[in-house]
Amino acid sequence: MKKIFLFLLLMLNSLLVVAQGSLPGGFEHIIDVGKYSDWGQGYLTITDNHFLSVIDDSGKHREYYHLTFSVLESDGEYFAPNIGDIIIEVDGESAKAWTKEQFYSKVDGRHDTITIKIKRKDEGEILERTVRIKPEYELSKDLKPFGDDFTLNDITGSTDVQKRKRTLQQGTIFDERKDDSFDFFTCTKYNFLITSNNPLLDKDILKEVYFSNMKQDDESPDLLFTIARDADESISSTYIPPTSRTVNIGSKTRTEYNYITRQNDYVTTQKNKTIYEGGYTHESKTLDLFLEIAALDVKRINDKSITYPPIVWQATVKRHVSNAADDFDTGKNFGAWATWMILPPDDRYIRKSKTLYAPTGITCNRDDSKIIFSIEPESRAEKAGLKPGDKLLKIHNNKELNKSAKNNGWNALNESRHMHIVAEIQRDGKKIKLDVPSMSIKIQRKYCIGAK
């Protein structure tokens, strides 16, 4: 009987969640979370806070959105839940050892205020704040013109490692490994451990590594970075013996008088040329380059119980260069490779973007497509100041679009979604010019994917 009661309670709860409305943007959860063995051990990590960066066609950020919640209050400063934050408590209840399902059961489907305590690593510090958020089920007004087309589930992108590997020169091998049992969230400070005979070059190379949210500290670092590099150069000489060959470079025909026949005869002679080759030494310089950067756990360096270096992260690059030029700079190559290395490792992060197009909002007159019949509220046309009855005369800043407008009228604006339009119109017997802004915006997000 008890099991039946619990089952009915769960069913009722699920029905209530459905009845309370779905989230904008096609999201399933108010905040997405994941669990990782190498980040915030024992606690859930925020993997997607549905935070959007809106970029217009000029490349400038237009505005930022949290699609599924708004921040009502935080401890002393604006502190919205961010990607990589650790969830400590929800509504005063400890979230340690929670599963993703437990978090979603506490948060999803609610319309009341949710109190979340989170920890964040930021520039050498671990910050702890309490944030109160309110779930949102309504799409932002600025995004409403996108209508049903606005969904972020199908945005495509690639991980940082995939991007880095695509930039590798031919013949380059890149490998990166980490200790999944080590908690990188606790590491806020780092320093260099350099033992080579060229410390200045090694420091310059290490400075190119991306130390995400970490600060260099000479006194009490959490991680020590070591570097090993090698450039094995070999020069091979090959003697090419001299050779000669005769090639035909054409022919010439002339006339000569024949005293026997008493006529002119045609005589053709071949032109040949002797080419001499070889007789020199050819030198070829070959390079085998190697770079390794590793991070050591400072707390375990002096641990006598372990017989191996306490390496928690390691990246290596190898490249074989045939026929290297005399001005080949090994130092610049090493520095470039170091920029591919990111610590703490964020392979789980993926950057995604999508370009969305807002409808023009214009319905044309059936008899004349150059005359506006009606305009949808909050549409691109309304924001541009267009009104029913406006007649399109000319598009000034684009010849091709102006040609299309002569036949298609206002429908030509559907072809202008990547550009800013200057339209000349006729209204109440007067000619006026209006700026019609681009209908496209780019939405960018960065968030974690997968869970271990």
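## Arginine 229

R229 lies in strand β15 (residues 223-240); helices (H or I, at least four residues) and strands (E, at least two) are DSSP runs, numbered from the N terminus. The model is a predicted one, in which local features need pLDDT of at least 70 and side-chain atom pairs count only at pLDDT 80 or more, while totals for chains, interfaces and linings use all residues. Residues are numbered from 1 along each chain as its sequence is written, and side-chain values use heavy atoms, with hydrogens and water left out.

With a relative accessibility of 28%, R229 counts as partly exposed. Buried means under 20% relative accessible area, exposed means over 50%, and partly exposed lies in between (1.4 Å probe, protein chains only). The side chains of R229 and D202 are joined by a polar contact of 2.5 Å. A polar contact is a pair of N or O atoms within 3.5 Å; within protein, one must be able to donate a hydrogen and the other to accept it, and residues adjacent in sequence count only if both atoms are side-chain atoms. Leaving aside residues up to four places away in sequence, R229 touches S196, N198, L201, D202, I205, F290, L291 and F334, where contact means heavy atoms within 4.5 Å. From R229 to L289 the C-alpha distance is 7.6 Å, although 60 residues separate the two in sequence.

## Threonine 360

T360 sits in the loop between β21 (349-357) and β22 (362-364). A polar atom of the T360 side chain lies 3.4 Å from the backbone nitrogen of I362. Not counting residues up to four places away in sequence, T360 touches S379, R380, A381, L413 and N414.

## Helix α2

In helix α2 (residues 100-107), the residues F103, Y104 and V107 are buried. They lie on the same side of α2, because they cover an arc of only 95 degrees around the axis; the arc is that of the directions from the helix axis to the C-beta atoms. An α-helix has 3.6 residues a turn, so residues three or four places apart point the same way.

The cover over the buried residues of α2 includes β1 (32-34), β2 (44-48), β6 (86-90) and β8 (114-122). Exposed residues E101 and S105 are on the face of α2 turned away from its buried side. Just after α2, G109 takes a positive phi of about 80 degrees.

## The sheet β24-β25-β26

Three strands, in the order β24-β25-β26, form an open sheet with antiparallel pairing. Two strands pair if DSSP finds at least two bridges between them. β24 (391-395) and β26 (430-436) are the edge strands, each with a single partner, so one side of each has no neighbour in the sheet. On average, neighbouring strands of this sheet are turned by 35 degrees against each other, direction ignored. Axes are lines fitted to C-alpha atoms, for helices over the stretch in contact, and angles run from 0 to 180 degrees between N-to-C directions.

Strand β25 (residues 421-427) is joined to β26 by seven bridges, and the two run antiparallel. The bridge partner of Q426 is K431 in β26. Helix α7 (residues 399-408) packs on the sheet and touches β24 and β25, with its direction at about 150 degrees to that of β24.

## Cysteines and overall figures

The count of disulfides is zero, a disulfide being a pair of cysteine sulfur atoms within 2.5 Å. C187 is buried at 2% relative accessible area, and C364 is buried at 16%.

The protein has seven helices and 27 strands. Of its 452 residues, 39% are buried. Among contacts with a separation of 6 or more, 70% are between residues 24 or more positions apart.
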